[in-house]
Amino acid sequence: MSDTDGNEAYGRKSFKRSKSHFTDRITAGAREGWPLEAGRYRLVVSRACPWASRAVISRRLLGLEDALSLAIADPLQDDRSWRFTLDADGRDPVLGIRFLSEAYDARETDYPGGVSVPAIVDVPSGRLVTNDFQQITLDLATEWTALHREGAPDLYPARLRDEIDEIMEEVYEDVNNGVYRAGFATEQEEYAAACERLFRRLELLSARLARRRYLVGETITEADIRLFTTLVRFDAVYHGHFKCNRWKLTEDEVLWAYVRDLYQTPGFGDTVDFDHIKRHYYQVHTGINPTRIVPLGPDLSGWLTPHGREELGGRPFGDGTPPGPVPEGERVPAAGRP
């Protein structure tokens, strides 16, 4: 998620997802120039951002907490970019910077694009390595295997990649991006087209998930992570704030059970901060919500209710195991949990 053109621009121009400008990769054997090295890099995220949340979930599931440190930005970024005002003295304790834009500037002076998360920063140099949100999680799953925890799941199994890629492309175009196309639409026809496309895809996904626990295969994969990060925000922000209100997620029996199943799986719900999510969308997108009032609802207690999806079979982690407890400094505050 980017801060391009300032917060008042949100909702005043049509949505277009910009391509990641910095697409370097950290790979085994340093094939792409950046070597895989425990402790060298820092993952900068916002818990409000669905694109960044993918990386947070992947990191948890794979047990990379000790290998890849985590910086959590304030959900209320200003026009200067994502900021570290949640930390003492308003500086990231590892990188020593106040704004993520400083790592971008260290990489490329006067970079004209937006400052987005997730971002991986090289700690020794303070330079941005990559903001390629599409590739980061795939590399965590496939290139960082030497640093995975024992029992880490295979989130991108080779034999299923064609099917996973197909599902992820559909989800990306119609759901992940679809909510933004609807929410940032500037004309009725543009909004209606995005909304129709979004809900048609959700109906197709609901039909698919009615007969299987996970999107592809018998275990959690990257495809589930990418769908989850949009669904978990749906009723809290997309239904009202982005006008994606043909129906609430809680009104679709299958999708509501599916997302609760994932939320209650270690590595998913324990990374979600509903307080950050709501405050970011309602207080940053002032072109859509100029009053910056954050709604009190929805009621979050339903996230912890039984989902019954075990009856469909499947094993969340395959032959692996669940991740361990959330590290002390990374626990979601009570205000952000059901």
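What radius of gyration would a compact globule with 338 residues have, and what does the protein have? A compact globule of this length would come near 20 Å, and the protein has 19 Å, which agrees. Here the radius of gyration is taken over C-alpha atoms, and the globule rule is 2.2 Å times the number of residues to the power 0.38.

Before we walk further, a word on what you are looking at. This is a predicted model, in which local features need pLDDT of at least 70 and side-chain atom pairs count only at pLDDT 80 or more, while totals for chains, interfaces and linings use all residues. Residues are numbered from 1 along each chain as its sequence is written, and side-chain values use heavy atoms, with hydrogens and water left out.

Let's take the overall picture. Along the principal axes, the C-alpha atoms fill a box of roughly 50 × 50 × 35 Å. The secondary structure comes to 10 helices and six strands, where helices (H or I, at least four residues) and strands (E, at least two) are DSSP runs numbered from the N terminus. Buried residues make up 57% of the 338 residues; buried means under 20% relative accessible area, exposed over 50%, and partly exposed in between, with a 1.4 Å probe and protein chains only. Of the contacts (heavy atoms within 4.5 Å) with a separation of 6 or more, 73% are between residues 24 or more positions apart.

Five of its five residues are buried, so β3 is largely enclosed by the rest of the structure. In a regular strand the side chains alternate between the two faces of the sheet. In β3 both faces are covered, with Tyr41, Leu43 and Val45 on one side and Arg42 and Val44 on the other. Strands pair if DSSP finds at least two bridges between them. Four bridges join β3 to β5 (residues 119-122) in antiparallel fashion, and Leu43 stands opposite Ile120 there. Four bridges also join β3 to β4 (residues 69-72), this time running parallel, with Arg42 opposite Ser69.

From β3, follow the chain into helix α1: β3, α1 and β4 make a right-handed β-α-β unit. Right-handed here means that, with the strands pointing away from the viewer, the path from the first strand over the helix to the second runs clockwise. Within α1 (residues 50-62) you will find Ser58, which counts as buried because its relative accessibility is 0%. Leaving aside residues up to four places away in sequence, Ser58 touches Thr137, Leu140, Leu155, Glu222 and Ile225.

Finally, turn to a helix pair. The axes of α4 (residues 161-176) and α6 (residues 188-209) come within 9 Å and cross at roughly 145 degrees; these axes are lines fitted to C-alpha atoms over the stretch in contact, with angles from 0 to 180 degrees between N-to-C directions. Residues making the contact include Ile167, Glu170 and Asp174 of α4 and Leu198, Arg201 and Leu205 of α6. By class, the contact has six nonpolar, no polar and seven charged residues, where Ala, Val, Leu, Ile, Met, Phe, Trp, Tyr, Cys and Pro count as nonpolar, Asp, Glu, Lys and Arg as charged, and the others, Gly among them, as polar.
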